[in-house]
Amino acid sequence: PVGLIGRVKTKIVGPVKTGDFIVLDEKLPGTGRVFTEKDNRADIIGFAVEGNNAEEIKLVRVKLSI
């Protein structure tokens, strides 16, 4: 299934906190990562609705935006 907008479970790499903005990861296709200051704000796909401190790839609920 493809999420167009709303809250969906998303593959995220690295630790994430609730409210962090999420962008696509360039190194791992199909995964996201936490937004950093060197990223372009236009690349933000949404924000994390829940947090997870694990370093590996995991599913995190993300509120997708347009």
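The side chain of threonine 31 comes to 2.6 Å from the backbone oxygen of leucine 28. The model is predicted, and the protein it describes contains 0 helices and 5 strands, which gives the pattern β-β-β-β-β when read along the sequence. With a radius of gyration of 11 Å, close to the 11 Å that the globule rule gives for 66 residues, the protein is as compact as a globular protein of that length.

**Threonine 31**

- Threonine 31 lies in the loop that runs between strand S2 (21-24) and strand S3 (32-34).
- Because its relative accessible area is 4%, under the 20% cut-off, threonine 31 counts as buried.
- When neighbours within four places in sequence are left aside, threonine 31 is in contact with Lys11, Leu24, Asp25 and Ile57.

**Nonpolar core**

- The largest nonpolar core is made up of 7 residues, namely Ile12, Val16, Ile22, Ala48, Val60, Val62 and Leu64.
- Strand S5 (residues 58-64) supplies the largest share of this core, with 3 residues.
- Valine 62, one of the core residues, is in contact with Gly6, Arg7, Val8, Thr10, Ile12, Ile22, Gly46, Phe47, Ala48 and Val49, again leaving aside its neighbours within four places in sequence.

**Whole protein**

- The C-alpha trace spans about 25 × 25 × 20 Å along its principal axes.
- Of the 66 residues, 35% count as buried, and the accessible surface comes to about 4,600 Å², of which 58% belongs to carbon and sulfur atoms.
- Among contacts with a separation of 6 or more, 51% are between residues 24 or more positions apart.

Terms used:
Residues numbered from 1 in each chain as written. Predicted model: local features only at pLDDT ≥ 70, side-chain atom pairs only at ≥ 80, totals over all residues. Heavy atoms only, no water. Core = buried A, V, L, I, M, F, W, Y, C linked by side-chain atoms within 4.5 Å. Buried < 20%, exposed > 50% of the residue type's maximum accessible area, 1.4 Å probe, protein only. Helix = DSSP H or I, 4+ residues; strand = E, 2+ residues; numbered from the N terminus. Contact = heavy atoms within 4.5 Å. Polar contact = N/O pair within 3.5 Å; in protein donor to acceptor, adjacent residues only side chain to side chain. Rg over C-alpha atoms; globule rule 2.2 N^0.38 Å. Areas by Shrake-Rupley, 256 points an atom, 1.4 Å probe, with all protein chains shown as cover.
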